[in-house]
Amino acid sequence: MASSDDILIRFGKRVRELRSLRGYSQEEFADKCGLDRTYMGGIERGERNLSLRKIELIAQALKISLSKLMTGL
């Protein structure tokens, strides 16, 4: 079983991948989510353990379902 840190890193990479595919800069995407850019950077580096509410904000900003966001983790 993967450690909890592993899931944070995998989630961060997934967010970065989806953000980049949609052409958002990190700053632009953080603003769209209503989050600080430095906080978003921490998410993408796997340094932040997000609440479900923050994860939902990210999915909404990407205009995808929570299950689609979590695909491959």
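This is a predicted model: local features need pLDDT of at least 70, side-chain atom pairs count only at pLDDT 80 or more; totals for chains, interfaces and linings use all residues.
Which residues does I58 touch, not counting residues up to four places away in sequence? I58 touches F11, V15, F29, C33, M40, I43, L50 and L69, where contact means heavy atoms within 4.5 Å.

Residues are numbered from 1 along each chain as its sequence is written, and side-chain values use heavy atoms, with hydrogens and water left out.

## The core

The largest nonpolar core has 19 residues, and F11, F29, M40, I43, I58 and L69 touch the most other members. Such a core is a set of buried Ala, Val, Leu, Ile, Met, Phe, Trp, Tyr and Cys residues joined through side-chain atoms within 4.5 Å. Here buried means under 20% relative accessible area, exposed over 50%, and partly exposed in between, with a 1.4 Å probe and protein chains only. At least two residues of this core come from each of helix 1 (4-21), helix 2, helix 3 and helix 4. Helix 4 gives the most, with five residues. The helices are DSSP runs (H or I, at least four residues), numbered from the N terminus. In soluble globular proteins, nonpolar side chains tend to be buried together.

Helix 3 covers residues 37-44, and six of its eight residues are buried, so helix 3 is largely enclosed by the rest of the structure. The buried ones are Y39, M40, G41, G42, I43 and E44.

Helix 2 (residues 26-33) has its own buried residues, namely F29, A30 and C33. Seen down the axis of helix 2, these fall within an arc of 100°, so they line one face of the helix; the arc is that of the directions from the helix axis to the C-beta atoms. On the face turned away from the buried side, helix 2 carries the exposed residues E27 and D31.

How do these two helices meet? The axes of helix 2 and helix 3 come within 8 Å and cross at roughly 105°. Axes are lines fitted to C-alpha atoms, for helices over the stretch in contact, and angles run from 0 to 180 degrees between N-to-C directions. Helix 2 and helix 3 are therefore roughly perpendicular to each other, a description that applies to angles of 65 to 115 degrees. Helix 2 brings Q26, E27, F29, A30 and C33 to the contact, and helix 3 brings R37, M40, G41 and E44.

In helix 4 (52-62), the buried residues are I55, I58, A59, A61 and L62. They cover an arc of only 165° around the axis, which puts them on the same side of helix 4.

The loop between helix 3 and helix 4 holds L50. L50 is buried, with a relative accessible area of 13%. Leaving out residues up to four places away in sequence, L50 touches F11, Y39, I43, I55 and I58. L50 and L8 are 42 residues apart in sequence and 8.6 Å apart in space, C-alpha to C-alpha.

R19 sits in helix 1, K32 lies in helix 2, and K63 is in the loop between helix 4 and helix 5 (66-70). The table sets out their accessibility.

| Residue | Relative accessible area | State |
|---|---|---|
| R19 | 9% | buried |
| K32 | 41% | partly exposed |
| K63 | 69% | exposed |

Residues up to four places away aside, R19 touches Y24, S25, Q26, F29, E44 and L62. K32 and A61 are 29 residues apart in sequence and 6.2 Å apart in space, C-alpha to C-alpha.

## Positive phi values

Most residues other than glycine have a negative phi. K63 has a positive phi near 60°, in a residue other than glycine. Just after helix 2, G34 takes a positive phi of about 75°. Helix 3 is followed by G46, whose phi is positive, near 80°.

Technical notes
Angles under 35 degrees count as roughly parallel, over 145 as roughly antiparallel, 65 to 115 as roughly perpendicular and the rest as oblique.
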